[in-house]
Amino acid sequence: MHVKICCISSVEEARLAVEAGASALGLVGKMPSGPGVIGDELIRTIAQTVPPPVATFLLTSEPTAEAIIEHHRRAYTNTLQLVDALPEGSYRLLRTALPGIKLVQVIHVLDELSIDEALASAEEVDALLLDSGNPKLAVKELGGTGRRHDWALSRRIVEQSRVPVFLAGGLKPENVREAIETVQPFGLDVCSGVRTDGQLDPKKLEAFLSNTRET
Ligand SMILES: O=C(O)c1ccccc1NCC(=O)[C@H](O)[C@H](O)COP(=O)(O)O
């Protein structure tokens with residue numbers, strides 16, 4: 001199972017996650033809300049320490065392709081995680097400006113309409129990440145909620161998507177096995193569930209990863 005450890009906030013946390021077996025690290029740029037935000041300079045510093053083949057995801061909430069391209073130039077990761085919906089034509093602009101950079105679109109799974117939204121994005125990106133935010137709120141929630149969503153909807157997206165799907169939202173050592181069995185995703189993404197008082201917790205991290213490996 002591929003596991004992305006998100007909300008990495010220091011070089012030390014990155015090292016811990018890589019040594020524990022993470023396939024990818026999430027580095028959270030400016031957001032309207034959420035616990036994991038760090039500055040772009042720190043994102044760049046952390047990303048430079050991460051050995052291949054571990055992927056570095058820049059989480060960006062910038063609303064246009066132009067602003068995302070600028071964000072990427074400051075942070076310099078090998079993957080972009082787009083945490084909100086973008087205007088028509090944005091993926092094409094990103095592909096042209098940033099060849100070789102992988103695009104992962106976040107879908108906040110709210111209702112049946114989220115399935116259509118996910119499958120439309122799946123035609124144009126490298127992977128989907130199904131999360132539990134709510135972009136419709138006055139202050140948008142775009143991740144790091146610690147909440148689960150309706151995994152039955154996520155399972156339907158996994159079954160129909162032409163690209164790999166990561167599951168996120170409220171995952172923790174105690175429920176990750178059930179999540180894998182119910183949704184059968186390509187990968188998992190976790191922030192709050194492996195932290196204590198905001199810090200990456202080696203015991204929770206180990207328990208989470210170990211529970212993803214059980215047969
Ligand atoms: O953590 C944040 O502050 C955040 C804010 C806005 C967008 C994404 C954010 N976190 C990154 C992630 O992708 C989380 O891993 C994902 O939302 C799951 O979070 P959690 O439910 O806490 O495991």
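This is a predicted model: local features need pLDDT of at least 70, side-chain atom pairs count only at pLDDT 80 or more; totals for chains, interfaces and linings use all residues.
Biologist: Where is the place of Asp197 in the chain?
Modeller: The backbone at Asp197 has a positive phi of about 50°, although Asp197 is not a glycine. This residue sits in a loop, and the elements on either side of that loop are β9 (195–196) and β10 (199–200).

Biologist: Gln184 also has a positive phi; what is its value?
Modeller: Gln184 is placed in the loop between α7 (176–183) and β8. It counts as partly exposed because it has 13 C-beta neighbours inside 10 Å. Although Gln184 is not a glycine, its phi is positive, at about 50°.

Biologist: The peptide bond from Pro52 to Pro53 has which form, cis or trans?
Modeller: Pro53 belongs to the loop between α2 and β3. For the bond that joins Pro52 to Pro53, omega is near 15°, and the form is cis.

Biologist: Which residues of helix α2 are buried?
Modeller: Helix α2 covers residues 40–49. On the face turned away from its buried side, α2 carries the exposed residues Glu41 and Gln48. The buried residues are Ile43, Ile46 and Ala47.

Biologist: How wide is the arc that the buried residues of α2 cover around the axis?
Modeller: The buried residues of α2 are Ile43, Ile46 and Ala47. They lie on the same side of α2, because the arc they cover around the axis is only 100°.

Biologist: Why do the buried residues of α5 line one face of the helix?
Modeller: In helix α5, residues 113–122, the buried residues are Ala118, Ser121 and Ala122. An α-helix has 3.6 residues a turn, so residues three or four places apart point the same way. Seen down the axis of α5, the buried residues line one face because they fall within an arc of 105°.

Biologist: Which exposed residues does α5 carry on the face turned away from its buried side?
Modeller: The buried side of α5 has a cover that includes β5 (102–108), β6 (127–131) and α6 (151–160). The face turned away from that side carries Leu113, Asp116 and Ala120.

Biologist: How many residues does the largest nonpolar core have?
Modeller: Ile5, Ala17, Leu25, Leu27, Leu128 and Leu130 have the most contacts inside this core. Beyond its neighbours within four places in sequence, Ile5 is in contact with Ala17, Ala22, Leu25, Gly26, Val190 and Val194. The number of residues in the largest nonpolar core is 60.

Biologist: Which elements give two or more residues to the shell around the ligand?
Modeller: The ligand is surrounded by 26 residues, and the closest are Cys6, Gly34, Gly36, Gly143 and Gly144. The elements that give two or more residues to this shell are β2 (24–28) and β8 (187–190).

Biologist: How many residues of the shell around the ligand are charged?
Modeller: The shell residues divide by type, with 13 nonpolar and 11 polar. The number that are charged is two.

Biologist: With 17 C-beta neighbours inside 10 Å, how does Lys204 count?
Modeller: Lys204 is in helix α8. Leaving aside neighbours within four places in sequence, Lys204 is in contact with Pro173, Gly193, Val194 and Thr196. A residue is buried at 20 or more neighbours and exposed at 12 or fewer. Lys204 has 17, so it counts as partly exposed.

Biologist: How far apart in space are Lys203 and Leu167, C-alpha to C-alpha?
Modeller: Lys203 lies in helix α8, residues 202–213. It counts as exposed because it has 10 C-beta neighbours inside 10 Å. In sequence Lys203 and Leu167 are 36 residues apart, and in space their C-alpha atoms are separated by 22 Å.

Biologist: Over residues 4–210, how far apart are the end C-alpha atoms?
Modeller: An unreviewed UniProt entry places the domain "N-(5'phosphoribosyl) anthranilate isomerase (PRAI)" at residues 4–210. Over these residues the chain is 37% helix and 19% strand. The distance between the end C-alpha atoms is 14 Å.

How values were computed. Residues are numbered from 1 along each chain as its sequence is written. UniProt positions are given in the numbering used here, feature names are shortened, and annotations may be inferred rather than shown by experiment. Helices (H or I, at least four residues) and strands (E, at least two) are DSSP runs, numbered from the N terminus. A nonpolar core is a set of buried Ala, Val, Leu, Ile, Met, Phe, Trp, Tyr and Cys residues joined through C-beta atoms within 7 Å. Two residues are in contact if their C-beta atoms, placed from the backbone, lie within 7 Å. A residue is near a molecule or strand if its C-beta atom, placed from the backbone, lies within 6 Å of it. Ala, Val, Leu, Ile, Met, Phe, Trp, Tyr, Cys and Pro count as nonpolar, Asp, Glu, Lys and Arg as charged, and the others, Gly among them, as polar. The arc is that of the directions from the helix axis to the C-beta atoms.
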